[in-house]
Amino acid sequence: MSYPQTAPPQGGTHPGVPGTRRAAAPPRRPGLVVAMLVTAVLAALSGAIGSILVFVGGKDLADENVRKAVDNDPSAVGLPSGTTAADIEKLSGTMWDDVVTEWQGTMSARATIALVFAVALLLFALLARNGAVWARVMITIVALLAAAFPHALILRDAAPSGLYMTSIAAILLGLLALVMCWLPPVGRYKKALRNS
């Protein structure tokens, strides 16, 4: 008696049937990729929170920043040593208000740039979750620019403590995410995804 020959169904494995193969499962995302994503998201959140602090703090935060800068090192802002913010305010209240208003504009511009970098870092981190090289390059560029421009300037300008802490966190976490995105497991994960 002969039995009809039928081809096994496509796409799956059948024990005992030669010539069939198991469909490959996609590779599991390494912990380093998850850690890189979390770190980049935290860096973006730190930058965004710092920006929100500037926008909400408004003129009061700018006033605090100018007072702290003058009291810490008056020569850094072109004043004689020993000069305090109170001394300047006594001499000319309207001049003090002009300086604070101008500084508020500078702080707002930096906060806007920091917020743009935070959104870009978040976006590129999400796009790098599968190890895409172009997204990792963009993380590198955004993290370096954010650290160098708005956040380093914020740290240099005697920022109030809350703003100082968010800028430190944004710099350190951004640089950590940058390093993690170029470690070998991320590249191997990208290759494994391509081969699956």
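A residue is called buried when its relative accessible area is under 20%, exposed when that area is over 50%, and partly exposed in between. With that convention in place, I would like to present this structure, which is a predicted model.

I begin with the overall fold. The protein contains six helices and zero strands. Read from the N terminus, the order of its elements is α-α-α-α-α-α.

Next, the packing of the chain. Of the 196 residues in the protein, 36% are buried.

I now turn to one detail. How many aromatic pairs does the structure hold? There is one aromatic pair. Its members are F124 and W134, whose ring centres are 6.3 Å apart; their planes stand at 90°, and the pair is therefore edge-to-face, as the angle is over 60 degrees. The two residues are 10 residues apart, and the pair links distant parts of the chain. F124 belongs to helix α3, which covers residues 93–127, while W134 belongs to helix α4, which covers residues 133–156.

Are these two partners buried or exposed, or do they fall in between? F124 has a relative accessibility of 13%, and therefore counts as buried. W134 has a relative accessibility of 49%, so this residue counts as partly exposed.

Key:
Residues are numbered from 1 along each chain as its sequence is written. This is a predicted model: local features need pLDDT of at least 70, side-chain atom pairs count only at pLDDT 80 or more; totals for chains, interfaces and linings use all residues. Side-chain values use heavy atoms; hydrogens and water are left out. Helices (H or I, at least four residues) and strands (E, at least two) are DSSP runs, numbered from the N terminus. Buried means under 20% relative accessible area, exposed over 50%, partly exposed in between (1.4 Å probe, protein chains only). Rings of Phe, Tyr and Trp (its six-membered ring) pair if their centres lie within 6.5 Å; planes under 30 degrees apart count as stacked, over 60 as edge-to-face and the rest as tilted.
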